[in-house]
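Thanks for sending this one over. Please have a look at the entry below, and then at my points.

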Amino acid sequence: MATRCLSSLALLSPSPSSSGKARVAARASQLVPSAAARRRPRTRLSVATGGKQLVTAQEASQEPDYGVVSIHHVGILCENLERSMAFYKDLLGLKVNPARPTDKLPYRGAWLWVGSEMIHLMELPNPDPLTGRPEHGGRDRHTCIAIKDVLKLKEIFDKAGIKYTLSKSGRPAIFARDPDGNALEFTQV
């Protein structure tokens with residue numbers, strides 16, 4: 001793998017002088033994995049592209065050393081905290097986490113439970129613009145929430161007049177936007 005990276009560096013760099021060759025060699029030594037990393041079993045991932053096979057990454061088959069557990073929370077910007085709480089708390093039924101401080105930060109906000117993780121609403125005077133977003137939230141940056149029944153949520157959205165689109169793939173998922181245009185996906189699990 002280090003050799004492949006070296007040849008990529010050479011292709012991306014201008015033709016090095018003799019001192020430049022020394023810098024490339026020094027950089028290459030930084031790319032060589034440690035002895036411990038070389039001992040870890042690796043899984044090769046690849047994708048097919050137009051009849052050719054392109055290697056995209058090599059991934060360790062073990063957890064990273066720092067111990068990824070789960071997503072703790074997602075930060076969502078809003079212009080008006082009360083309006084967003086009406087959507088997330090009142091319409092969607094998310095519960096406030098009273099243990100999270102809201103008075104220690106230099107902006108208004110709220111922490112809402114989504115299963116064992118949270119959404120952190122953060123009020124800003126000028127969040128992302130409402131215009132220029134794709135109609136289907138699945139084509140925008142979005143937060144996905146696992147739910148038990150897409151049809152029941154569809155009924156709630158219909159009754160509240162919330163615009164939404166269904167998954168383009170046909171799987172049980174519904175996409176909507178909050179009052180600030182943040183895209184949300186609700187997928188049935």
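Here are my notes, starting with an aspartate and ending with the aromatic rings.

1. A word before the details: this is a predicted model, and the values that follow should be read with that in mind.

2. Let's begin with Asp140, which sits in the loop between strand S5 (117-123) and strand S6 (142-147). Is Asp140 buried or exposed? Its relative accessible area is 14%, and since the cut-off for buried is under 20%, Asp140 counts as buried.

3. Which residues surround Asp140, leaving aside its neighbours within four places in sequence? It is in contact with Arg133, Pro134, Arg177 and Ala183. With Arg177 there is a polar contact between the two side chains, at 3.0 Å. The C-alpha atom of Asp140 is also 9.3 Å from that of Leu184, a residue 44 places away along the chain.

4. Leu184 leads us to the strands. It belongs to S9 and stands opposite Thr143. S6 and S9 (residues 183-188) run parallel and are joined by six bridges. On S6, Thr143, Ile145 and Ile147 make up the covered face, while His142, Cys144 and Ala146 make up the uncovered one.

5. Now the rings: the whole structure holds three aromatic pairs. One of them, Phe87 with Tyr88, is edge-to-face, with 5.0 Å between centres and 85° between planes. Phe87 is buried at 5% relative accessible area, and Tyr88 is buried at 0%. Elsewhere, ring pairs link Phe157, Tyr164 and Phe186 into a cluster.

6. Finally, do look at Arg100, which lies over the face of Trp111, 4.0 Å from the ring centre.

Terms used: Residues are numbered from 1 along each chain as its sequence is written. This is a predicted model: local features need pLDDT of at least 70, side-chain atom pairs count only at pLDDT 80 or more; totals for chains, interfaces and linings use all residues. Side-chain values use heavy atoms; hydrogens and water are left out. Helices (H or I, at least four residues) and strands (E, at least two) are DSSP runs, numbered from the N terminus. Buried means under 20% relative accessible area, exposed over 50%, partly exposed in between (1.4 Å probe, protein chains only). Contact means heavy atoms within 4.5 Å. A polar contact is a pair of N or O atoms within 3.5 Å; within protein, one must be able to donate a hydrogen and the other to accept it, and residues adjacent in sequence count only if both atoms are side-chain atoms. Two strands pair if DSSP finds at least two bridges between them. Rings of Phe, Tyr and Trp (its six-membered ring) pair if their centres lie within 6.5 Å; planes under 30 degrees apart count as stacked, over 60 as edge-to-face and the rest as tilted. A charge sits over a ring if NZ of Lys or CZ of Arg is within 6 Å of the ring centre and within 35 degrees of the ring normal.
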